[in-house]
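Dear colleague,

Please find below the structure that I am handing over to you. My notes on what was found in it follow directly after.

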Amino acid sequence: MASSRATSVDALPWHTGLAHIHPDQHLSDLLLARGWITGRDLRIAQELAAAADEPLGRVLIAEGLVDQSTLAAALADVTGLPRTSSAELHAALARLSAETVQDVLLTGYLPLCLGDSGPLYATADPAPWRGAEMGMPVAGLMTADELRAACLHVWGGALLHHARDRLADSLPQYSARRRLSRGQIAAALALLIAAGVSLWLAPPAAMLAAAVLLCTVFLSVIALKGLALIADRPAHHVAPDARLPDSELPVYSILVPAFREAEVLPHLIDALLALDYPAAKLDIKIILEREDWETRCALAKMSLPGCFETVVVPKLMPQTKPKALNYAMRFVRGTYLVIYDAEDRPEPDQLRQAVARFAQEPDDVACLQARLSYFNHGENWLTRQFTIEYAALFDLLLPVLARFGLPLPLGGTSNHFRVDVLRAVHAWDPFNVTEDADLGLRFARLGYRVGVIASTTYEEANCRLGNWLRQRSRWIKGWMQTWLVHMRAPGLLLRELGWRGFITFQAVTAGIVLSGLLHPLCVGVLLWKAVTVDPLAVQLTPLEWLLAGLGTIVFVSGLVVALASGMVALGHRPELLYLRRSLLTMPVYWLLISAGAWYALWELVRRPFHWQKTRHGLSRQARHHQTAGHKRGRASPRGAAETQLVPTGR
């Protein structure tokens, strides 16, 4: 085997009479001669390849002008190299470790056998002649689909369990797999005992202490929002010129987890095809669950260019978005990576903006959060309130947190990552149902920063109450998990984040959760007092005056800051200015959030890792989105490659 492979390498055409012809030109001539491509399409591909500084073969695949098998057959004729059999791939992969498989999937080069002067490689590189230049002489060809299928056949089981367990096994202090530590259980018991004894021995003092503590927590949230109002600057909302030459752009991976999303697939594909980025430098993974046959069948009927790939996640509990993302991370080959949800419509230049911004930032900026807004904001009262909430968060609060280097809870989509840093921190926690917020806090603890970019991704706001409630309860349950995880060692957390970061963390997790849980109780007490107390006859004690004063300060300041935040945030989006009249009904929306908070608490106790599915495609305003710009060439005859786990894996 080794000698025959070595002989074929020594006799490659570009080492002999064709040395004066670039292999890409030889490939072009062969494709034309056999009628596998038209002259017009070939000229377009050659122009795109020159502009992006990418091999012609990669452009042909990415644009959907030829499929992988056709290109492999052409490359075999151009190079004189044989196709590597499935048995050879399996045997070669079995000699590697699970960690080495990551490098093989990233580079497309697999050590196949030993030649006279060292290892010989099988490759899925659309320009296999580059192997010798990189010190990896090529002895066989394969397609990217064949490589992925072989990797999953041999290592599929290991990759799946690694996706679920790596963080919990390597950094258990950051994993939500265990709900409470022994220290937290002991502290909770001690707090309950102390509260009971205090109420028995000195009820007024206990009530005052509890009121002061809760008011401090609530005021910290209000103060954080007030800081955002004061520190807001016009520069936060200006997108810089991000038009870098295509040749300077890196490979960009896009992960799109889609579970039961057949209805929105056409909108999703249109939005991704509209991105202003060279197709040859896009690495798009549509992530589906194995049992989701409806979405899998719907996607299989679509003819997609070769920059798309379908990753099918096998069944393994917990069935969560972060576990699916971790699984797909094994197949990522980009320098940067972004997460989009199935209903997302990012602005076309968002990837270019992120690349330009990363180039300006130091290496400790691990992530850039794009802004989120809703395209169906005017559908009903619920969507209007949801849009106001998102505007205050993404257009006002998060830019200020990023400016001051404070811990920033990521949104669930449009997070742009440095892939090497994401892998270094073990990516997402599969046991946390708000994996985005948790990852933002973990970045801060490990010394990384998160920035924001003034590019918007438009989503579908929940327009039905039941669907909204399930989504909100999942978010709040995840914030509860995040607080419990990062408060296992409060002293260490304080040293890692500093006092400003520590207070910010408490405000954006415990403060928001407690506000949601206690808001209806406070409103109920206020209404009961207003109905039952005679203001002319009552004689309040000093303690009651103090409690009433604290409550008034919290209520008035919270309402004023919330109204002002909404006014300012909506002012940054002229199309949303009409929503200002909806600000007066925000207190009703807060009661709905409280319902979600109590539902989340019940879920945390009963089924902490259950993923409440949010259904999309319900909006009447979610019409077919016509994309601007050209499509990615013609559709690939095979459509998107589907990566599946073979049960016989290790």
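Which residues point one way from strand 10 and which the other way, and are they buried or exposed? N415 and F417 point one way, H416 and R418 point the other way, and all are buried. Buried here means under 20% relative accessible area, exposed over 50%, and partly exposed in between, with a 1.4 Å probe and protein chains only. Helices (H or I, at least four residues) and strands (E, at least two) are DSSP runs, numbered from the N terminus.

Please note that this is a predicted model, in which local features need pLDDT of at least 70 and side-chain atom pairs count only at pLDDT 80 or more, whereas totals for chains, interfaces and linings use all residues. Residues are numbered from 1 along each chain as its sequence is written, and side-chain values use heavy atoms, with hydrogens and water left out.

Surroundings of strand 10

Strand 10 pairs in the antiparallel sense with strand 7 (residues 336–339) over three bridges; two strands pair if DSSP finds at least two bridges between them. In this pairing, L337 stands opposite F417. Strand 9 (residues 365–374) also pairs with strand 10 in the antiparallel sense, over three bridges, and here L368 stands opposite H416. Leaving aside residues up to four places away in sequence, F417 touches residues including L337, F358, L422, W428 and F443, where contact means heavy atoms within 4.5 Å.

In the loop between helix 16 and strand 10 (415–418) lies S414. Its phi is near 60°, a positive value in a residue other than glycine. S414 is buried, with a relative accessible area of 0%.

Nonpolar cores

The largest nonpolar core has 95 residues, and L93, L255, L337, F417, L422, W428 and F443 touch the most other members. Helix 16 (residues 381–403) contributes the largest share of this core, 12 residues. A second, separate core of 63 residues includes A76, V78, Y109 and L288. A nonpolar core is a set of buried Ala, Val, Leu, Ile, Met, Phe, Trp, Tyr and Cys residues joined through side-chain atoms within 4.5 Å.

Three strands form an open sheet in the order 1-2-3, with mixed pairing. Its edge strands, strand 1 (109–115) and strand 3 (138–141), each pair on one side only. Strand 1 and strand 2 (residues 118–123) pair in the antiparallel sense over six bridges, with L110 opposite A122.

Further backbone features

Most residues other than glycine have a negative phi, and most peptide bonds are trans. D53 has a positive phi of about 55° although it is not a glycine. This residue is found in the loop between helix 3 (39–52) and helix 4 (56–62) and is exposed, with a relative accessible area of 59%. The peptide bond from M317 to P318 is cis, with omega near 0°; P318 lies in the loop between strand 6 (308–313) and helix 14 (321–329).

Overall composition and extent

The secondary structure of the protein comes to 22 helices and 12 strands. Of its 650 residues, 55% count as buried. The C-alpha trace spans about 105 × 50 × 45 Å along its principal axes. Residues 24 or more positions apart account for 81% of the contacts with a separation of 6 or more.
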